[in-house]
Amino acid sequence: MPHRFPSATKVSHLLHGGDYNPEQWIDHPEVWDQDMRLMRLAGVNIVSLGIFSWAMLEPEEGRFEFGWMDTILDKLAANGIAANLATPTGAKPNWMAAKYEEVRRCDASGQRQPQQGRHNHCFTSPVYRERTTIINTKLAQRYGKHPALAMWHISNEYNGECHCPLCKAAFRQWLQRRYQSLDALNHAWWTSFWSHHYADWAQIDAIDGGVHGLVLDWKRFVSDQTADFMRHEIQPLKKFTPDVPVTTNFMGIYPPLNYWKLAPLCDVISWDAYPGWHNEELEQTAQTTAFAHDLNRSFKRKPFLLMESTPSQVNWQEVSPLKRPGVHRLASLQAVAHGGDAVMYFQWRKSRGSCEKFHGAVVDHVGHEHTRVFGDVAALGNTLARLDDVVGTPTNAQAAIIFDWENRWAIDAEAGPRRSHKDHDLTCRAWYEPLWRQGVGVDVIDMDQDLAHYKLVIAPMLYMLRPGVAQRLEAFVASGGTLITTYFTGLVDESDLCFLGGFPGPLRKLLGIWHEETDALPQRLTQSIVANAHGAELGLTGSYEAMHFADLIHVESDACRVLATYGADFYAGQPAVTLNRVGKGQAIHVAARSQQRLIDDLVGGLIASLKLLTALKTAPPVGVNVQRRGQGKGSHLFLMNFTHQAQQVTLDPGAHTNAEDQSTVSGSVELPPFGSLVLRS
């Protein structure tokens, strides 16, 4: 009997595999048999199948060719390899584009786009939705009970937008549901400015960047419409295969789509990671990637799947170097350390032609296993096979960073004290960095999530506050939590309307301050922040450099203490860092963008005072990261050296077990350059 694979949410092994495109080799059946042999050698237990195969499955409208897919799925099942079977909607066939003009997107000017590339379809088109239902239903009916089917892969990397008449009409309907009346919309968008008052819904078009409420709502609509199309795709699959989990591959912190809208539709979260591991600042690349891993784990606070990565190099960067020896294992184990239950690749076998023929793959054009890259992948497969007890284990996050899509959209659109170096994303990662360095578990969440189980919440540049957010933050602090906010916080509501009555708006009482002005420091000009005795209690010492943003604030609460003041200019001596005690907790406000050292000192002080769990009691050397996955006895330590030099890591007292060879490890260990080690603790 062929092996029946458990659902992806209940796997007993870490998944290892990648995108498989056998339809490219349909005239070479010997390649299919070679693939099965090589997959077994590489420790592959799952492949993503059929992602861009619509034209091969339905070469003409209504004529379906499933024979090749039948053969491949049977071969996979016979070889103990699961299928992550895709709906092929990421690339429509030429016959459809030629026959049905409405399925092709329009650009912002309304110009209908030609058939080209991929992800070029209109999500709103009734024709496209109908054809999607037909092909997805066919797949579900034919393969729903196939022993190889483990999971549904919904489309691929959803992206893009359409400005066709259908989408414009859908947007106006979306606005009517949101606002109910034009009066409410005109108020929310402040359309008395520049005579933009709307007297009819038909007057609204999404190309006016001067109306910030419109800009925000269009982006919200695109996310909602994408989610609605995804929901439409899933319906026939769930009808015939209700127990087979569904996922779609996200793209990290991809700006245009709010993934919090798509995440509830997924049974398991997956994402595609392509860091530039060749960068000189390897540790910075590692930190940026870790942030995205934690974000994707946080969507459901459950393990995620690394759906795509490259085993060697990509082909779309300005320069695409090879991964150095050790980096593939290092990067893959980093994903597992942060909650990944899969390491998968694009792609299994290199295409012979077209634009991705030189993109990295497990199997090169030479076609055999005797390559460095294949050896790296097979070695990792052997490692992952020894980590069954990692599968499904949690990451204990006592801290959270608020990273909110709508907030970053509003900051990007904002025309205020700075048009350059607003750097919302970099600021969030700057506050994440000291937690990551010390191995503190971190969730990356949006502003609507429950905060009750965190000890520390950091909300960098929380420019927009949606209804209820201030109240949740107040309740979090009052019950004993520690909140950190920064400059550029509490300025506008969900429609990008400025709060009246003084900034930071609804957070004014919680923070105990009034923010009167913001000084935008020109490039190459800096301010200084000088810590005082109160600041020293939380780790702040001496003077720090500040740049870009400096809010001029006034303390308004008797419970608010000044931890540091500005050191120069006409506002020298005014508060720069404050701490307001509310209930059982505290709210800290950092009023200026500072050098990393201030963030490190403040967060380091809070890690100690709040007794946040760290991966190791002794901090590892700079460039080495240690993450703990699991809780208590049987948890795993992932030691990762993101430097070009050997590094010594001091372990906590007691014996640890090397998860790969079962040897006992204690005291300290040496990690070679780009070295990694997994210990059972």
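1. A salt bridge is a side-chain nitrogen of Lys or Arg within 4 Å of a carboxyl oxygen of Asp or Glu. E556 and R508 form one through their side chains, with N to O at 2.5 Å. The two come from distant parts of the chain, 48 residues apart: E556 sits in the loop between β16 (543-555) and β17 (560-566), and R508 in helix α16 (residues 508-511). Helices (H or I, at least four residues) and strands (E, at least two) are DSSP runs, numbered from the N terminus.

2. Some notes on the basis of these values follow. The model is predicted, so local features need pLDDT of at least 70 and side-chain atom pairs count only at pLDDT 80 or more, while totals for chains, interfaces and linings use all residues. Residues are numbered from 1 along each chain as its sequence is written, and side-chain values use heavy atoms, with hydrogens and water left out.

3. Accessibility is described in three classes: buried is under 20% relative accessible area, exposed is over 50%, and partly exposed lies in between (1.4 Å probe, protein chains only). On this scale E556 is partly exposed, at 41%. R508 is also partly exposed, with a relative accessible area of 22%.

4. The whole structure holds 38 salt bridges. In one of them D341 meets R629, with the closest N and O atoms 2.6 Å apart. D341 belongs to strand β9 (residues 340-345) and R629 to strand β21 (residues 624-629), so this pair ties together parts that are 288 residues apart in sequence. Both D341 and R629 are buried.

5. Another salt bridge joins R472 to D448, the closest N and O atoms being 3.2 Å apart. It links distant parts of the chain, 24 residues apart, with R472 in helix α15 (residues 469-478) and D448 in the loop between β11 (442-445) and β12 (456-459). R472 is partly exposed, at 30% relative accessibility, and D448 is partly exposed at 36%. Both residues also belong to a network of salt bridges, whose members include R178, D217, R220, D404, E406, D446 and R466.

6. A nonpolar core is a set of buried Ala, Val, Leu, Ile, Met, Phe, Trp, Tyr and Cys residues joined through side-chain atoms within 4.5 Å. In the largest one, of 196 residues, the members touching the most others are L76, W152, W189, W348, L435 and I529. Helix α8 (residues 212-240) supplies the largest share of this core, 10 residues. A second, separate core has 13 residues, among them A615, L616, L651 and L677. In soluble globular proteins, nonpolar side chains tend to be buried together.

7. What does W152 touch, leaving aside its neighbours within four places in sequence? Contact here means heavy atoms within 4.5 Å. The partners of W152 are N84, L85, L139, A140, L237, T241, V244, P245, V246 and T247.

8. Rings of Phe, Tyr and Trp (its six-membered ring) pair if their centres lie within 6.5 Å; planes under 30 degrees apart count as stacked, over 60 as edge-to-face and the rest as tilted. The count by this rule is 33 aromatic pairs. F123 and F229 make a tilted pair, 5.0 Å centre to centre and 35° between the planes. F123 lies in the loop between α4 (94-99) and α5 (126-143) and F229 in helix α8, 106 residues apart. Both F123 and F229 are buried.

9. F171 and W218 form an edge-to-face pair, 5.1 Å centre to centre and 90° between the planes. F171 is in helix α6 (residues 165-179) and W218 in helix α8, 47 residues apart. F171 and W218 are both buried. Elsewhere, ring pairs join F250, Y254, Y259, W260, F291, F299, F403, W405 and Y432 into a cluster.

10. A disulfide is a pair of cysteine sulfur atoms within 2.5 Å, and a search of the whole structure finds 0 of them. For C164 the nearest cysteine sulfur is that of C162, 3.5 Å away. C164 is buried, at 1% relative accessibility.
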